[in-house]
Amino acid sequence: MVRYWGGKLVSVIISLFVLATATFFLMKAIPGDPFTSEKAVPPEVKAKLMAFYGLDKPIWEQYLIYLKKLIHLDLGTSMKSQYQTVSSIITDSFGYSLRLGIFAIIVSVIVGVGLGVVAAMYHRKAIDGIAMVIAVLGVSIPNFVLASMTQYLFGYKLQWFQVAGLNGPFDYVLPVLALAALPIAYIARLTRSTMLEVLNAEYIKTAKAKGLKRSVTIVRHALRNGILPVVTYVGPMTANILTGSVVVERIFGIPGLGKYFVDSVSNRDYTLIMGITLFYAVILMLARLLTDLLYGLVDPRIGLRSRKGASS
Amino acid sequence: MDTILRVNDLHVSFRARGGEVQAVRGVNFEVKKGEAVAIVGESGSGKSVTAQSIMRLLPSPPSFVKQGSIEFMGRNLVDATEAEMEAIRGKEIGMIFQDPMTSLNPTMTIGHQITEGLIKHQGMNRSEARERALELLRLVGIPNPEARFGQYPHNFSGGMRQRAMIAIALSCNPALLIADEPTTALDVTIQAQIMQLMKDLQQKFGTSIILITHDLGVVADMCDKVIVMYGGQVVETGTKWDIFAKPQHPYTRGLLRSMPRLDLPKGEPLVPIDGTPPDLLAPPVGCAFCARCEHAMEVCLNHDPELVPVGENGQTAKCWLHHPLAKEVQA
C-alpha cells in the first residue's frame, strides 16, 4: 500500500515538472508580452515593468526562478491585475467551476447510466433507438454550439432561464446541460454495450434460476458489472468537463476558473497561465487516482496491490 | 413412487433468420420422486434446451414452446406466469450450470450469492441466512466456510466454485435439481468428486435429479434411468443397466462404441459415429439418425419411427429395427 501510493506520488511530481517546463517554454513562444496590448505605454515605463517582473532576464533564468518559487508553492501574482495573487484568483473562481463540474458529473453518470440500462433492457425496440439517437447527438454536437443554441432558445426566446450569470439554482441548468451532453452520450453508449454483454452472461441466468425478479437481477447482478467501463471513464470525463467548462463558462458569463484561463492566455498573463495550467493538471491527476480507487471498490478482482498477484 | 415432473410431447423452437430452428421435437419423459434421470446426447441434440424449458430460462423471443406441456407437481409450467415461475425457480427446482467460471457473479461474494435465494424464498433474515449458508458450504465440502463466505468467486478454484453452485442450487431444498453438464468444464479428478457429492446429497435429501450430459461415463455411477436424445427427439430410454448392457437404438450403440472402456481388450479401436447431426432448420422427414445409421432401410428415409417398448424393464427405442417385419440385427 505504501509502495503503491509512493509510486503514484513520484509519478505525479515528475508529470507536473514536465508539464510546467513544456508550458513555460511554449508560453514564452507566444509573440508579445503581458504589456503589448495596452496602448501607449512609454518605452521607459515598459522597461521598468519588465524589470519588475524579471522579464528582462534570459529565458532559462526566468525558468529557474519560476521553478524555485513553485517548489515553495508560490504561484506569484497576476501580471494583469497586480493586486491579486494567482492562488487567490484560483481559490475565488474555482468554486463556480467546481460546483458546475460536480453537477455535470452527477447528471452525466445518472442520466448516462440510466439511458444505457434502459436501452439495453429494450434492445432493438423503440426506446433503444431513441436513447441511441440522443447519444449520437450528444457526441456530435460540440458543447459551444449546444450552449449557444440553448441559450438562445430557452434563455432569449422562451425566457425560461436566465441568459447568463449564476445567481440561483436554475441558472445552473443550461451550463450543466451543455457540459454534460457529451459525457451523457458517451456513458450511455458504454453502459448499453456492456449491459448487453452482461445480460447474456451465465451468472445472470444463475440469478434468474434463483427466482429473482428481473428488476432485482438487473440492479443487483448486472448493473455493477455493467458500469465497470463507466468507472474507467471517470478520469477522462473529468478532463472533458473541465476543459469543456472553459468554453461554457465564457458563453454563460460565469466567473469561473475557465473564464480566467481563457483571459490569461489572450492577455499573456504568464504567471496566471502557469498557475491555472498546473492547477488543472493536479485536478486531472486526482481524478485519475479516484478512478483507480473506485475501480478497486466496484470490482473486487482488482486490488491496489494486485501486482503481487495473490490469486489469479 | 410419485411422479413430480412429466414432460408431454414438448416442442421448442427458435425463430432464426433462415426460419424456425426446431431444437426440441416431441419429447416425453417423467421423473419420479427421488429418482435420478440422465439425459444423454451430443451437442445440439436438444438436451439443454429441454432442461432450460423446464425452468423457462430460455429468452423468449427468439425461443417459444410450440406444443406440449411440462407438468411439475400438478402445475403446467408452460402457461405459468412469470411471478409463478419466480416462486418455483430456486425454491422447487434448483439448477446447476456447466461452467462454474462464468455462472457465478464475479462482483458479489459467494456468501451473498447463496443467501440471496434463502432470503427471497425462505423469508430468512440476514443472520439466519448466513447460518444456513455456512451450513450449506460445510455440506458441499468447502473447508473453512466462515472465511470462504465473504470471498469472491475469483478466490475459488473451479471445483470449489461448482461446489458453491451446488450449495446455491440446493439452498432451499428443491424437489428437483437440474444439473446441466455440471462436470464438463472441470478436471477429470474433480469431476468424480463433484459427481460423488451430488450423489451423496441426493441420497441424503431424496431430491430428484435430471442430469444432462454428453458423457455416458458420468451417468453410470449416479442415475437410475437414462434418456438418449438425438436431433431434438428421445431415441431410447431405459434403466442404466439396460442402456449399457443391451442398447436397442443404433445411435446409443454408436455412443457406447465411441467411448473408451476398461473392459475391452487392449488395442481395440474406438469407433466414432460418422457424419453430422441433422439440420434442425429443416429436420428430415424420416428418422433423424437415418443418414448416419449403418442399418438404415428404405422405410427410415420417409417414415419417422415411434418410440416402442423393447425388452422387459420398460426400455423403449425409436427405431424401425424393432418393427416385427424388420430383419434381425446383430448388435
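Read along the sequence, chain A of this predicted model follows the pattern α-α-α-α-α-α-α-α-α-α-α-α. The chain has 12 helices and 0 strands. Its C-alpha trace spans about 85 × 60 × 30 Å along the principal axes.

| Helix pair (chain A) | Axes come within | Crossing angle |
|---|---|---|
| α7 (residues 173–199) and α10 (residues 228–251) | 9 Å | roughly 160 degrees |
| α4 (residues 86–121) and α12 (residues 270–298) | 10 Å | roughly 50 degrees |
| α1 (residues 2–28) and α3 (residues 59–71) | 11 Å | roughly 140 degrees |

The axes of α7(A) and α10(A) cross at roughly 160 degrees. Because angles over 145 degrees count as roughly antiparallel, α7(A) is roughly antiparallel to α10(A). The crossing of these two helices is right-handed. On the α7(A) side, the contact is made by A:Pro175, A:Ala178, A:Leu179, A:Leu182, A:Pro183, A:Tyr186, A:Ile187, A:Leu190, A:Thr191 and A:Thr194. Helix α10(A) contributes A:Pro229, A:Val230, A:Tyr233, A:Met237, A:Asn240, A:Ile241, A:Gly244, A:Ser245 and A:Val248. By class, the residues of this contact comprise 14 nonpolar, 5 polar and no charged.

For α4(A) and α12(A), the axes cross at roughly 50 degrees, and this angle makes α4(A) oblique to α12(A). Here too a right-handed crossing is found. From α4(A), the residues in contact are A:Val86, A:Ile89, A:Ile90 and A:Phe94. Their counterparts in α12(A) are A:Thr271, A:Leu272, A:Gly275, A:Ile276, A:Phe279 and A:Ile283. The contact of α4(A) with α12(A) holds 8 nonpolar, 2 polar and no charged residues.

The axes of α1(A) and α3(A) cross at roughly 140 degrees, so that α1(A) is oblique to α3(A). Their crossing is right-handed. In this contact, A:Phe17, A:Ala20, A:Thr21, A:Phe24, A:Phe25 and A:Lys28 of α1(A) meet residues of α3(A), namely A:Ile59, A:Gln62, A:Tyr63, A:Tyr66, A:Leu67 and A:Leu70. The residues of the α1(A) and α3(A) contact divide into 9 nonpolar, 2 polar and 1 charged.

**Interface between chain A and chain B**

Chain A and chain B bury about 2,200 Å² between them. Carbon and sulfur atoms account for 56% of this buried area. The contact draws 21 residues from chain A and 28 residues from chain B.

One salt bridge joins A:Lys210 to B:Glu116, with an N to O distance of 2.7 Å. This pair crosses between chains: A:Lys210 lies in the loop between α8 (202–209) and α9 (214–226) of chain A, whereas B:Glu116 belongs to helix α3 (residues 110–121) of chain B. B:Glu116 also forms a salt bridge with A:Arg220, where the closest N and O atoms are 2.8 Å apart.

Notes:
Residues numbered from 1 in each chain as written. Chains lettered and ligands numbered in written order. Predicted model: local features only at pLDDT ≥ 70, side-chain atom pairs only at ≥ 80, totals over all residues. Heavy atoms only, no water. Axes fitted to C-alpha atoms, helices over the stretch in contact; angles between N-to-C directions. Helix = DSSP H or I, 4+ residues; strand = E, 2+ residues; numbered from the N terminus. Parallel < 35°, antiparallel > 145°, perpendicular 65-115°, else oblique. Left-handed = near helix turned anticlockwise from the far one by under 90°. Contact = heavy atoms within 4.5 Å. Nonpolar A, V, L, I, M, F, W, Y, C, P; charged D, E, K, R; others polar. Buried area = accessible area lost by both parts, 1.4 Å probe. Salt bridge = Lys/Arg side-chain N within 4 Å of Asp/Glu carboxyl O.
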